[in-house]
Amino acid sequence: PVVTYPRVTRVSRASSDARSVEVEERWRRNVALQFGASDRNLVAEAAASALECGGCGVVVCNTVNRAQEVSRAVRAVVPEWDCRLFHARMPFGWRRERERQVLALFGKKAKRPERAVLVATQVVEQSLELDFDWMASDMPPVDLLLQRMGRLWRHTETRRSSGLTGPRFVILCDGEAEGPPPRLVP
C-alpha cells in the first residue's frame with residue numbers, strides 16, 4: 001500500500017496495536033538547506049551575502065556568549081544594517097522591550113526593514129510568531145532544528161524582496177562534524 005506523508009502514528013503499550021493516519025497538509029514550502037562553518041566571521045559574511053539584495057535573516061545560537069560574539073561579527077561586516085541581539089539573559093524589562101521590537105520587525109504584521117539580521121538564542125524558536133527569509137543555526141537536537149526552520153517564510157502575506165527566490169536555511173557545524181563538508185555557500 002502507498003503511505004502518504006504527513007501522518008501521525010500512535011502506538012499503545014497496552015497492546016501491539018499501531019494506528020497511523022494521514023494528516024491534511026495545510027501548506028508546503030521548499031527550503032534550500034546548506035551546511036556551513038560555525039566560525040562567527042564566516043557566519044557574518046554569509047548573512048551579508050545572503051541578504052545583500054534585501055530581506056531579513058536570523059542567526060540562532062545555542063548559547064548567549066556565542067550569540068554576543070556572532071552579533072559583534074555581523075555588526076562589523078554590515079554596520080549600516082539593522083542588527084539586533086536577543087537572548088534570555090537580559091533583565092526582564094529589557095527583554096520585554098526587545099521582544100516587542102523583534103515582533104514589530106519580524107512578526108506577523110511587522111513593518112520589515114529592507115535588510116536586517118537578528119542574532120538570538122533559543123528564545124526565537126517557539127512562542128514568538130516570527131518570519132525570516134534566511135536563517136543560520138547552530139546544531140541543536142533535530143526537533144529544535146525543525147522548529148527553527150518553521151520560522152522561515154512563515155507568513156504568506158509578507159512582502160519579500162524581489163531578490164529572494166525562497167527561504168534558505170544554513171546548519172552550522174564544525175570541522176569534525178560528519179556529513180557534507182562544512183563550507184558556507186552563500
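I began with Val 59 in this predicted model, and, setting aside residues up to four places away in sequence, I found that Val 59 touches Val 43, Val 70, Val 117, Leu 118, Val 119, Ala 120, Trp 134 and Ala 136.

I then looked up the largest nonpolar core, which has 23 residues, and noted Val 59 among those with the most contacts inside it, together with Val 70, Val 74, Val 117, Val 119 and Trp 134. At least two residues of this core come from each of α1 (40–50), α2 (64–77), β5 (82–86), β6 (115–120), β7 (134–138) and β8 (168–173), and the largest share, six residues, is supplied by α1. Apart from this core I found another, of 20 residues, including Phe 86, Leu 105, Val 124 and Leu 128.

Next I turned to the sheet, which is open and built of six strands in the order β3-β8-β7-β4-β6-β5, with parallel pairing. Its edge strands are β3 (32–37) and β5, each of which pairs on one side only, and the twist from one strand to the next averages 15°.

Looking at one pair, I saw that β4 (residues 55–60) and β7 are joined in the parallel sense over four bridges, and that Val 58 has Met 135 in β7 as its bridge partner.

For the helices, I noted that α1 lies across β3, β4, β6, β7 and β8 and runs at about 165° to β7, while α4 (residues 142–149) packs on the sheet, touching β4, β7 and β8, with its direction at about 160° to that of β7.

Definitions and conventions:
Residues are numbered from 1 along each chain as its sequence is written. This is a predicted model: local features need pLDDT of at least 70, side-chain atom pairs count only at pLDDT 80 or more; totals for chains, interfaces and linings use all residues. Side-chain values use heavy atoms; hydrogens and water are left out. A nonpolar core is a set of buried Ala, Val, Leu, Ile, Met, Phe, Trp, Tyr and Cys residues joined through side-chain atoms within 4.5 Å. Buried means under 20% relative accessible area, exposed over 50%, partly exposed in between (1.4 Å probe, protein chains only). Contact means heavy atoms within 4.5 Å. Two strands pair if DSSP finds at least two bridges between them. Axes are lines fitted to C-alpha atoms, for helices over the stretch in contact, and angles run from 0 to 180 degrees between N-to-C directions.
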